[in-house]
Amino acid sequence: MAITPNGKTLIVVMEGAVVGDAPLSRRVFRYDIRHGEFTRLADYTSDVPDRFLADAQAIDDDTLVVIERDGGLGVTAVARPVYEVDLAEFGGVTTKTLVVELAEVPDPDLISLPEIHPGDIGLGNPFQVTCESIESVHVLDKRHLMLTCDNNFPNKGRNPNLADDTEMIVVEVAKL
């Protein structure tokens with residue numbers, strides 16, 4: 001769920017498909033806070049059926065940033081795309097543009113190194129978000145996103161021998 005910058009509207013995006021809907025379809029609703037009214041918008045289409053919509057943040061009344069993720073953990077965390085989503089209806093579905101793939105974040109300056117704990121994985125170029133639950137996105141400005149991993153203690157994504165720390169990651173992106 002995301003609140004629009006003016007604070008008047010909530011955008012509700014279902015994490016997974018609703019029984020009876022197409023497996024790739026995720027329902028999207030607009031909730032008018034002042035009037036207490038829901039409106040169904042165009043559906044969001046996930047890339048594959050078993051992906052979750054982990055979080056969303058509204059950039060404006062008609063645009064979201066959305067994390068779509070697999071259920072992977074550690075080396076199996078291979079699909080974590082972040083999309084800019086246009087809520088305008090085009091044939092009954094939203095449109096989306098890839099902003100960054102969190103399973104392959106360019107890190108040419110190697111700022112993710114050195115490892116904090118011996119055995120940490122997913123560091124270097126490319127950097128990989130290895131936690132199971134990448135579940136928070138915050139738009140810092142038009143070029144930077146902050147993403148947070150919920151550690152779901154005692155999950156072991158960053159290091160197969162240790163419970164995950166809570167990670168907060170700032171990623172530079174093309175202009176939103």
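Buried residues account for 44% of the 176 residues in the protein chain. The model is predicted.

**Overall build**

The protein chain has 0 helices and 13 strands. Along the principal axes, the C-alpha atoms fill a box of roughly 55 × 35 × 25 Å.

Contacts also reach along the sequence. Of those between residues at least 6 apart, 45% join residues at least 24 apart.

The accessible surface is about 9,200 Å². Carbon and sulfur atoms hold 56% of that surface. The chain carries 15 positive and 30 negative charges. Their mean positions lie 5 Å apart.

**A residue in β10**

T94 sits in strand β10, which spans residues 93–101. Is T94 buried or exposed? T94 is buried, because its relative accessible area of 9% falls under the 20% cut-off. Leaving out residues up to four places away in sequence, T94 touches A42, D43, Y44 and T45, and also V85, D86, L87 and A88. L10 is 84 residues from T94 in sequence. In space, the C-alpha atoms of T94 and L10 are 17 Å apart.

**Salt bridges**

How many salt bridges does a search of the whole structure find? The search finds 11. Three of these pairs are set out here.

| Pair | Closest N and O atoms |
|---|---|
| D47 and R51 | 3.1 Å |
| R69 and E135 | 3.4 Å |
| R80 and D70 | 2.9 Å |

Take R69 and E135, which form a salt bridge. R69 lies in strand β8 (residues 63–69) and E135 in strand β11 (residues 133–141), so the pair ties together parts that are 66 residues apart in sequence. R69 is buried at 5% relative accessibility. E135 is partly exposed, at 31%.

Next come R80 and D70, joined by a salt bridge. Each lies in the loop between β8 and β9, so this pair ties together parts 10 residues apart in sequence. Both R80 and D70 are buried.

D47 is partly exposed, with a relative accessible area of 34%. R51 is buried, at 13%. Which residues are linked with D47 and R51 in a network of salt bridges? E68 and K96 are linked with them in that network.

Methods:
Residues numbered from 1 in each chain as written. Predicted model: local features only at pLDDT ≥ 70, side-chain atom pairs only at ≥ 80, totals over all residues. Heavy atoms only, no water. Helix = DSSP H or I, 4+ residues; strand = E, 2+ residues; numbered from the N terminus. Buried < 20%, exposed > 50% of the residue type's maximum accessible area, 1.4 Å probe, protein only. Contact = heavy atoms within 4.5 Å. Areas by Shrake-Rupley, 256 points an atom, 1.4 Å probe, with all protein chains shown as cover. Lys, Arg positive; Asp, Glu negative; His and termini not counted. Charge placed at Lys NZ, Arg CZ, Asp CG, Glu CD. Salt bridge = Lys/Arg side-chain N within 4 Å of Asp/Glu carboxyl O.
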